[in-house]
Amino acid sequence: MQYSFASRAQTLLSSPLRDIRELAKRDSFISLAEELPAEELFPLHSLAEAATSVLSEDPLALQYGEAEGYGPLREWLSEDFSRRKGLSVQPQHILLTTGTQQAIDLLVRVYVDPGDPVLVENPTSPGLLQVLRLQGAVIVPVDGDHDGMLPEHLEAMIRQHKPKLLMAAPNFTNPTGVMWSLERRQQVLKLCVSHGLLVVEDDSYGDLQFADAKNPKPRIPSIFSLEEPQGGHVLYVGSFSKTVAPALRTGWAAGSRRLIEMMTAVKQMADWQSSMLNQRMLHHLLESKHFKLEDHIDMLNREYATRLKLMVELLKRSAWKDSRYAVPPGGMFLWVQLPPGLDGEALLRAALLKGAAFLPGSMCSAADRTRECIRLNFTHPGRDELLLGMNLISEAVMEFTARN
């Protein structure tokens, strides 16, 4: 049979990540391309205890539950937001989702019509671009610098395109790792409020901050927390995928009750609810006397900081001469501008033949203006794998530069 798929669906088949994920199943292949945490750092024993306890205590853990998500976990999030992030969010203003990606997808479904302009950082998350393209949005990139999105360019794009939505990740932007300054967050919020523009603030990487233990940096307030009084201009999304385990598939959206109600309605059509068993396991883990989320995050940050330092040292080798990058203060990625004359997609093809991969910058841009850049993930590969993977990519770089 000849299938007639929607034209927008073709964008789902054109991603190099599909090929990389297939290759990554081979034992000898090393991928620095994906958005993965380190599985050897998952709290396996604590999760096993949580699973056993939840399944033995209450068969309702395997039953349908509320579309909004497990009530005690939403209450825990409400308290955690207040305690660690200075956010005041009531449980009824929180929707539990199947990861951050679903939170964004649900919002886009109920808020964006085909042809609606949506503002994004340039460069931005490949997953976000896929969601917007599938919905038929007109994607408008907004330039930024080391402090975040440029207010002047943002205002120009707002006036020119009259968008419905701004998508931003101020804490360690994917893929650049940029941490927005407080002043830049305030400027962007002020612009969006004045133009009645909804902001979706993705804080998936916010806890992965590599502060000096002797001189810890204070947490920069989220855009969500800066709106006083809460006027509903910001939807705050995130997940436990980068800090506990991705397979739990538990994320959240927090914002105005009206937004949460609409997202819950479309979630009921999509999958009715996210896994009740996973949510109960996660809640049991977070309430356990034997597991402290803050201690676990501190451990992750120490190890990820070490891996980032190793990657930066490897980038000082001759193969990477004339490349440019800024060392991020957290997150999962290092964004590298290749030596002159190199193209990220062409370099990826050469690296794949050697058994290593990275994400080409073209996948992170709606305007295809970052072909000379690549994104390197430093959190998933172990130190030995990271060393070998960088050596293989370096060989590919040297072959290209030798030809040029």
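**Entry 1, overall shape.** I began with the radius of gyration, taken over C-alpha atoms: a compact globule of 404 residues would come near 22 Å, and the protein agrees with its 21 Å. The globule rule I used is 2.2 Å times the number of residues to the power 0.38. This is a predicted model, so I kept local features to pLDDT of at least 70 and side-chain atom pairs to pLDDT 80 or more, while totals for chains, interfaces and linings use all residues. My numbering runs from 1 along each chain as its sequence is written, and side-chain values use heavy atoms, with hydrogens and water left out.

Along its principal axes, the C-alpha trace spans about 65 × 60 × 55 Å. I found 13 helices and 15 strands; helices (H or I, at least four residues) and strands (E, at least two) are DSSP runs, numbered from the N terminus. Of the 404 residues, 55% count as buried, meaning under 20% relative accessible area, with exposed over 50% and partly exposed in between (1.4 Å probe, protein chains only). Among contacts (heavy atoms within 4.5 Å) with a separation of 6 or more, residues 24 or more positions apart account for 74%.

Next I looked at α3 (residues 71-85) and α10 (residues 276-287), which pack at an angle of about 45° with axes 9 Å apart. The axes are lines fitted to C-alpha atoms, for helices over the stretch in contact, and angles run from 0 to 180 degrees between N-to-C directions. The two helices are therefore oblique to each other; under 35 degrees would be roughly parallel, over 145 roughly antiparallel, 65 to 115 roughly perpendicular, and the rest is oblique. From α3 the contact takes Pro72, Leu73 and Trp76, and from α10 Gln279, Leu282, His283, Leu286 and Glu287. I sorted these contact residues into 5 nonpolar, 2 polar and 1 charged (Ala, Val, Leu, Ile, Met, Phe, Trp, Tyr, Cys and Pro are nonpolar, Asp, Glu, Lys and Arg charged, and the others, Gly among them, polar).

I located Thr264 in helix α9 (residues 257-270). At 6% relative accessibility, Thr264 counts as buried. Leaving aside neighbours within four places in sequence, Thr264 is in contact with Ala67, Glu68 and Leu95.

Asp147 sits in the loop between β5 (144-145) and β6 (148-149), and I noted it as partly exposed at 25% relative accessible area. Not counting residues up to four places away in sequence, Asp147 touches Val178, Met179, Trp180, Ser181 and Arg184. I also checked Asp147 against Pro229: they are 82 residues apart in sequence and 25 Å apart in space, C-alpha to C-alpha.
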